[in-house]
Structures are given as C-alpha cells and as structure tokens.
Amino acid sequence: MEFGQTAYCFIRIDVLECANLNIKKILGVFEYFDAPIGGDFKCSDSRSNQIFDTAAYTLKLCVHNNMLWDGVERDRLVWIGDMHPEMLTMLHLYGSQNCIKNSLRFVRD
C-alpha cells in the first residue's frame with residue numbers, strides 16, 4: 001500500500017500505546033520525472049550553476065500525474081503563481097511536455 005504522495009526529509013510514525021502492531025517494514029518510494037535531459041546550463045559562476053542544478057532537481061520532483069505541482073512538500077497542487085519558472089525550466093531541459101499543457105488546462109478549467 002502507498003500513502004501520501006508527498007515529499008519528506010524525515011518521517012515520524014507514532015503508534016498509540018493501546019495499539020497491537022507488528023511492522024515488518026516501511027519503505028519510502030522515490031518518484032520523479034524521468035525523461036532524457038536535452039538542455040543544460042553552465043557558466044563561470046559556481047553559485048549560479050548550483051542554483052540551476054537545484055531548480056532542475058526540484059522540477060523533477062514536482063512533476064506528478066503528468067502535471068506541474070507546486071510545493072511537493074506542501075500542498076501538491078497546480079498553482080499558476082510558480083508555473084512560469086517551472087515551465088521555462090521544463091522547456092529548457094526537456095522541451096515541450098504534456099505536463100505543461102495539462103497544468104495550464106487544469107488552471108483554466
């Protein structure tokens with residue numbers, strides 16, 4: 001069974017004292033947008049390169065259900081406020097993808 005569809009750094013599991021629970025194992029599932037990267041960015045400023053790499057990685061985490069989600073760690077919604085930089089990053093790295101059209105259609109409707 002999978003629960004949550006959320007991002008996390010740490011997970012805390014509380015079990016009630018009265019619960020009789022035997023846990024065999026708990027696994028975290030790593031889901032991300034897995035498409036071949038067609039674009040790149042490098043410049044002489046290492047800080048700018050780090051910022052771009054972080055943005056590219058964050059984008060991979062925010063594409064779910066063929067949509068661009070805002071804040072995979074927060075509300076996991078399509079939000080037009082942050083969609084512009086996400087779309088620019090997506091177009092630069094991966095070209096035109098259905099998640100852009102799906103997200104814009106979702107916001108419009």
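**Notebook: helix packing and nonpolar core**

I looked up the crossing of α2 and α3 and recorded it as left-handed (the near helix is turned anticlockwise from the far one by less than a right angle; clockwise would be right-handed). Helices are DSSP runs of H or I with at least four residues, strands runs of E with at least two, numbered from the N terminus.

I noted that this is a predicted model, in which local features need pLDDT of at least 70 and side-chain atom pairs count only at pLDDT 80 or more, while totals for chains, interfaces and linings use all residues. Residues are numbered from 1 along each chain as its sequence is written, and side-chain values use heavy atoms, with hydrogens and water left out.

I then took the axes of α2 and α3, which come within 10 Å and cross at roughly 160° (lines fitted to C-alpha atoms over the stretch in contact, angles from 0 to 180 degrees between N-to-C directions). The two helices are therefore roughly antiparallel (angles over 145 degrees). On the α2 side I listed Met83, Met87, Met90 and Leu91 in contact with Cys99, Ile100, Ser103, Leu104 and Val107 of α3 (heavy atoms within 4.5 Å).

Next I turned to the largest nonpolar core, which has 17 residues (buried Ala, Val, Leu, Ile, Met, Phe, Trp, Tyr and Cys joined through side-chain atoms within 4.5 Å; buried means under 20% relative accessible area with a 1.4 Å probe, protein chains only). Its largest share, 5 residues, comes from α2. Val63 is among the residues with the most contacts inside this core; leaving out residues up to four places away in sequence, I found Val63 touching Phe33, Leu68, Met90 and Cys99.

Key
Buried means under 20% relative accessible area, exposed over 50%, partly exposed in between (1.4 Å probe, protein chains only). Angles under 35 degrees count as roughly parallel, over 145 as roughly antiparallel, 65 to 115 as roughly perpendicular and the rest as oblique.
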